[in-house]
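Here's a quick tour for anyone opening this model for the first time. Have a look around, then read on.

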Amino acid sequence: MIISPLLLVLAGALVGAVVIGFVFSSAAHRGLLGAVLGAGAGALGSLICMLPLDYCMFEAERKSIDVIFGVALVGLGVLLALAPVAWLSGKLLRRESLVSATSQPTQGTFRHWWIALPLLAPTLTILVLFLYYPSVETLRLSTMLSRLGARREAFVCVDNYTRLFEGSAYFDVVARTVYMSFFIVVLSMAIGLLIATMAYLPVKGASIYRTLLVWPYAISPAVAGIIFLLMFNPTGGIVNYFLKNWFGVRPGWLNDPSLAPWTIIISSVWKSIGFNILFYIAALQNVPVDLIEAGAIDGAGLLRRFWHIVWPLLSPTTFFLLITNLTYAFFDTFATIDYLTPGGGPLQSTTTMMYQVIRLGVDNNDLGKAAAQSVVLFLMVIGITVLSFRTGGRQVTYGA
Amino acid sequence: MKKVIFAMVMMALVLALAAPSGAIQAQDPVKIEVWIAFSDYRLDWVKEVAEEFNAMFPQYQVNIVGGMSYEEMFAQVSVAAEQNALPGVIHFNEASTQDARDSGNFKPIAQALGDRTEVNGLAIDFDDIIEPTTAYYTLDGNWTSFPWNTSSAIWFSNMNFVNAAGFDTPPATWADVDEYCAGIMALDNAPEYCWTFPNYGWFFEQWLAQQDALFVNNDNGRADRATEVAFNSDAGLAIFNWLNDQYDKGYLYYSGAQGGDSWGTVDQAYQTQSVAMAAYSSSDTTLYTRMGEENGFTTVASFLPYNQETGWTGNLIGGGSLWLVDGLTPEVEEGALTFMIFLSNTEHAAAWHQLTGYVAVRESANQMLEEEGWFAENPNQTVAMQQLVQSTVTPATSGALVGGFPAIRNAVTGATDRLFLTDEDPAGLLDKAASEANVIIEEYNLLNAP
């Protein structure tokens, strides 16, 4: 199956013409102008991904999965081009302000818009150097056969991506990452809230054990990893020493494929719980006491007061912690995994997406494949964050 | 007049600025940075040697940087090379030899030394280096890196268990191991498991070399660049079948840890007497002997047990060597060479061996230790050396040279993991690991072959 570049550009133009034409005609009855504008944007959009890749996935000897990838990338490019055009033209045609009402400045503004640029320059410079440039470089590497320390690189089109769809190995890694991250986030936040609620109670010496509770967070992941390794080692570890003496069992904490992920989950939860406690204690201190007292006078029990008064007031903190914990579970569990189950666990049972990226890139020196997997990981985290802002973000109550 | 005064003042200023800095430059020692892939007591020892070196050669100042593993070191060096921030000397493990040779970042030692027999008054004397190390690190008789830490895989036995089971000496063959384990596991105070080893590809390579079987084609990559692995042979299958049998019988303990960081789990199992025997690197002979002394048992080191069906040809080396960065200034290069020779001179080779259990890479050092009575007092310490000396040097026992070796090891390690934990067919697992490894080699050669 051969699809010519011209055909793809025309397809992009067609989609653009229809979409923007529709936007224009619904707003100001000038559909033709919109269609022409949209056709241009769509045609250009179809080139965004294809110019750097040179339509490589449509070459004659390519497999159909490459073609599907190519069409998807053309679609992505068209989408990237059309979204701002549609948004902008919609706003302009309805003569709406480009700045949303909530972010309208309430106090003084700069006389000239360009004054903002030098003020933003330091931040932008750092972002470009350390974030945007590496991201673009990662995208480029992901289309290469590239090894650390090698003399040259070879262009391999989207092979580094399509090979992820061969067999189920990569899907297993993704499923495992989601599984482990879910339990790390939920357990860490739930237990953190429980402990914070108790530590918040006015008892003697509260400040001392509040400090002690936050301690695990201050320990470096590597040290935490070694502590847990010595404790959970199936032979010679202290946990199994006691379990054997008391219950006569010796679970394979680190060498049983079904148990090893849970050892990682437990130690990651322990590691991150201090952070959650810290934020929940701070949030609990901000819950107005008179609200709770009013609830108590009205006859609401402890649980009812918590569920109907405290929990909604904690929601901004919960939402913030949800995002930070997710980031932690996805990106920062590497050291824990590497110390407890070096090599990614029995039957790769503790190999998360992040762990696999580092293992491929650093241990195997295979930069191209590692880059492709890190792009996938990046897209997934973006997706989850957007999703949580869309769903969870709506239920957040700011202010009492 | 004003102009003259101005000129004189300027002159004086220029002189004042130039003179002292010139004087300082003349006295300033040449700085040489050395990256070592250790982070424990072994790194401390190298730092002590560097201090000794700096005192002896005040014109140089060697600075030791450590804390990286072998795998991290390779990545770090590749990044540093891109940024032109390489140090003077780098320590790589034996598996990185082909990658380092291909990288173009290093100057072959033979080329840097030329015809010289000494540097800064220190004799080089490559003829004094033991044969297995020479066989591994030379290319057509020329040294590409400088020999330093050489080890071999050996066997440690907790003699309390072995004797209790009715045996006087450690097991010599795979069949012996099986027999010993049957006895040991039948004891009243039997350990949890009979034996263990780190799931690191190096051990598979050792058992392969013992059977005189190749790891990669083209005479283990020594006749020509390796293009395919050769380990999915009868010899390789024999190893997998034996290991699988040992695991299924409950003799072999598998900690689940894989790769270069799997050593620690074996230490803990052996130290707590959860296993009676362990295959390990000779690099920790001193530590393993002491573990026994401190925990009330006797450790005896012996040759790594071999396949009785095919006999024993020999074992290969492990450890690492020192690489000279290319493009250094002549002074730095001279200093770097001097330090490498200093680090592996007779006294230091002997002291390094005594501290760790790595083989003393110089014949003269072994002779010195022999005369001092060290080997007679510490019989465990002779085992690795004897195992290497008695080995027949063949392409198989010289060890493999292949690009992407660390990644290939991970493929073997992964297959071993599946061997223990699933019911998959050993031959199928080996073939799958081989095809994974072949992809690595093919891609590596595509990017690196000249």
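This is a predicted model: local features need pLDDT of at least 70, side-chain atom pairs count only at pLDDT 80 or more; totals for chains, interfaces and linings use all residues.

**Around A:Pro342**
- You'll find A:Pro342 in a loop of chain A, between helix 13 (334-340) and helix 14 (353-363).
- Leaving aside residues up to four places away in sequence, A:Pro342 touches B:Ala257, B:Gln258, B:Gly259, B:Asp261 and B:Ser262.
- A:Leu254 is 88 residues away from A:Pro342 in sequence, yet their C-alpha atoms are 9.8 Å apart in space.

**Where the chains meet**
- On the chain A side, 28 residues are in contact with 38 residues of chain B.
- Sorted by class, that side of chain A has twelve nonpolar, ten polar and six charged residues.

**Chain A overall**
- Chain A has 15 helices and two strands.
- For 400 residues, a compact globule would have a radius of gyration near 21 Å, but chain A comes out at 27 Å.
- The C-alpha atoms of chain A fill a box of roughly 75 × 60 × 40 Å along the principal axes.
- Of the 400 residues in chain A, 35% are buried.
- If you take the contacts in chain A with a separation of 6 or more, 70% of them link residues 24 or more positions apart.

**Chain B overall**
- In chain B there are 21 helices and 13 strands.
- Along the principal axes, the C-alpha atoms of chain B fill a box of roughly 105 × 50 × 35 Å.
- Buried residues make up 52% of the 450 in chain B.
- Among contacts in chain B with a separation of 6 or more, 76% come from residues 24 or more positions apart.

- Strand 1 (residues 30-35) and strand 2 (residues 60-65) of chain B run parallel and are joined by six bridges.
- To get from strand 1 to strand 2, chain B passes through helix 2 (residues 41-56), making a right-handed β-α-β crossover.
- B:Val30 stands opposite B:Tyr60 in strand 2 of chain B.
- Strand 1 of chain B also pairs with strand 3 (residues 89-93) of chain B, again in the parallel sense, over two bridges.
- Here B:Trp35 stands opposite B:Ile90 in strand 3 of chain B.

**Helix 18 of chain B**
- Which residues of helix 18 (residues 383-390) of chain B are buried? They are B:Val383, B:Ala384, B:Met385, B:Gln387 and B:Leu388.
- The elements of chain B covering these buried residues include helix 6 (131-137), strand 8 (146-158), helix 13 (285-295) and strand 12 (299-303).
- Strand 13 (317-324) and helix 16 (363-372) of chain B are also among the elements that cover them.

- In soluble globular proteins, nonpolar side chains tend to be buried together.
- The largest nonpolar core has 188 residues, and B:Val89, B:Trp195, B:Val275 and B:Phe339 have the most contacts inside it.
- Helix 10 (residues 260-285) of chain A gives the most to this core, with eleven residues.
- Another core, of 19 residues, lies apart from it and includes A:Phe24, A:Ala35, A:Leu82 and A:Val85.
- Back in the largest core, B:Val275 has contacts that include B:Pro191, B:Tyr193, B:Cys194 and B:Trp195.

Methods: Residues are numbered from 1 along each chain as its sequence is written. Chains are lettered from A and ligands numbered from 1 in the order in which they are written. Helices (H or I, at least four residues) and strands (E, at least two) are DSSP runs, numbered from the N terminus. A residue is buried if 20 or more other C-beta atoms lie within 10 Å of its own, exposed if 12 or fewer, and partly exposed in between; C-beta atoms are placed from the backbone. Two residues are in contact if their C-beta atoms, placed from the backbone, lie within 7 Å. Ala, Val, Leu, Ile, Met, Phe, Trp, Tyr, Cys and Pro count as nonpolar, Asp, Glu, Lys and Arg as charged, and the others, Gly among them, as polar. Two strands pair if DSSP finds at least two bridges between them. A crossover is right-handed if, with the strands pointing away from the viewer, the path from the first strand over the helix to the second runs clockwise. A nonpolar core is a set of buried Ala, Val, Leu, Ile, Met, Phe, Trp, Tyr and Cys residues joined through C-beta atoms within 7 Å. The radius of gyration is taken over C-alpha atoms; the globule rule is 2.2 Å times the number of residues to the power 0.38.
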